[in-house]
Amino acid sequence: MSTDVTSAEPTVRRAVVTGASTGIGEATTILLRENGWEVVAVARRVERLKALAERVGCQWYAADLRDDTHVVEMVKKVLSEGPIDAIVNNAGGALGVEHIADSDTSKWREMYERNVMTALNVTRAFLPHLRKRGGDLVFLTSTAAHDTYPGGGGYVAAKHAERIIATTLRQELVGEPVRIIEIAPGMVKTPEFSLNRLGDAHAAEKVYEGVENPLSAHDIAEAIVWTLSRPSHVNIDSMTIRPVAQATNTCIARNL
Ligand SMILES: NC(=O)c1ccc[n+]([C@@H]2O[C@H](COP(=O)([O-])OP(=O)(O)OC[C@H]3O[C@@H](n4cnc5c(N)ncnc54)[C@H](OP(=O)(O)O)[C@@H]3O)[C@@H](O)[C@H]2O)c1
């Protein structure tokens, strides 16, 4: 896998952000850098990672996080260059809005891989390091990890499963110096999320139609950086963040 991981200052906190090539992961990388963190930005698209690294001075590593062998290589390389203080498990996404009756098995499988296996692979591979020296694990789930909606089945199932990694791990590691943080956003307007889900720009734009101020990637990045900067005895277990115009997954105010 392509890599450009350079050594970090030992006194500076260092994070790995997955899904950093766009959206929330990119915004988190930028904000962590602005707050003095070293960051290793991870995703599949090399050109976008390189451009981000040039812009904010982060390190980067290109890997398909569904593949455990890529993840093990990535973790080996990252740790050979210095310790890690936080992992932001952000890679993920939704595919389709079919009802269960019409569900597409390949999309369900891919959503499980993209949201659950990426987070599991990365978490498991960094865990021995984090348990030894202390550190933080952030999981970008969703309000879809807490409630369902028609057409959401496959994504909701995957996000519930991802959340269970966090809630189980918090119990399994109780007493150890590892914080487990869940960030559960509602509607966030990012350039690719709805485009990937629905497959065309017009349908993607309609998701946000008439909604006054959907959340931005930066809003979520601020929450992530805040949780990571709490005193080390404080664990923000779970934070749900929605735009004011959204009350539930389906109850959304639209000025149409
Ligand atoms: N936007 C929302 O409304 C919203 C709401 C709640 C929760 N979330 C969750 O928050 C996270 C980020 O959302 P977003 O809107 O920023 O999503 P996004 O714009 O679709 O970005 C997803 C990121 O994940 C990476 N990724 C996907 N599959 C990967 C793989 N196999 N290996 C490595 N990287 C992979 C993508 O990079 P490459 O394509 O370069 O690999 C990309 O950087 C996701 O987990 C999403 O489910 C989003």
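The shell around the ligand comprises eleven nonpolar, 13 polar and seven charged residues. In this classification Ala, Val, Leu, Ile, Met, Phe, Trp, Tyr, Cys and Pro count as nonpolar, Asp, Glu, Lys and Arg as charged, and the others, Gly among them, as polar. The structure is a predicted model, in which local features need pLDDT of at least 70 and side-chain atom pairs count only at pLDDT 80 or more, while totals for chains, interfaces and linings use all residues. Residues are numbered from 1 along each chain as its sequence is written, and side-chain values use heavy atoms, with hydrogens and water left out.

The ligand is surrounded by 31 residues, of which S21, I24, R44, Y155 and T190 are the closest; a residue belongs to these surroundings if one of its heavy atoms lies within 4 Å of the molecule. At least two residues of the shell come from each of the helices α1 (23–34), α4 (105–133), α5 (153–172) and α6 (193–198). Helices (H or I, at least four residues) and strands (E, at least two) are DSSP runs, numbered from the N terminus.

Several strands are paired in the parallel sense. Strand β2 (residues 14–18) pairs with β3 over five parallel bridges, two strands being paired if DSSP finds at least two bridges between them. In this pairing V17 stands opposite A41 of β3. Strand β3 (residues 38–43) is mostly covered, with six of its six residues buried; buried means under 20% relative accessible area, exposed over 50%, and partly exposed in between (1.4 Å probe, protein chains only). The cover extends to both faces of β3, with E38, V40 and V42 buried on one side and V39, A41 and A43 buried on the other.

Strand β6 (residues 135–140) runs parallel to β7 and is joined to it by six bridges. The bridge partner of G135 in β7 is V178. Strand β7 is largely enclosed by the rest of the structure, because eight of its eight residues are buried. On one side of β7 the buried residues are V178, I180, E182 and A184, and on the other R179, I181, I183 and P185. Strand β7 (residues 178–185) also runs parallel to β8, with four bridges between them; here A184 has T240 of β8 as its bridge partner. In β8 (residues 238–241) the side chains alternate.

L49 is located in helix α2 (residues 46–56) and is buried, with a relative accessible area of 0%. Leaving aside neighbours within four places in sequence, L49 is in contact (heavy atoms within 4.5 Å) with A20, S21, A41, V42, A43, W60, Y61 and A62. The C-alpha atoms of L49 and E26 are 8.9 Å apart in space, with a sequence separation of 23 residues.

V122 lies in helix α4 and counts as buried at 0% relative accessibility. Residues up to four places away in sequence not counted, V122 touches T18, L65, V71, M74, I87 and N89. V122 and H70 are 52 residues apart in sequence and 9.9 Å apart in space, C-alpha to C-alpha.

Q59 lies in strand β4 (residues 59–62) and is buried, with a relative accessible area of 2%. The side chain of Q59 is joined to that of R14 by a polar contact of 3.3 Å. A polar contact is a pair of N or O atoms within 3.5 Å; within protein, one must be able to donate a hydrogen and the other to accept it, and residues adjacent in sequence count only if both atoms are side-chain atoms.

N213 is placed in the loop between α7 (201–207) and α8 (217–228). N213 is exposed, with a relative accessible area of 59%. Its phi is near 55°, a positive value in a residue other than glycine.
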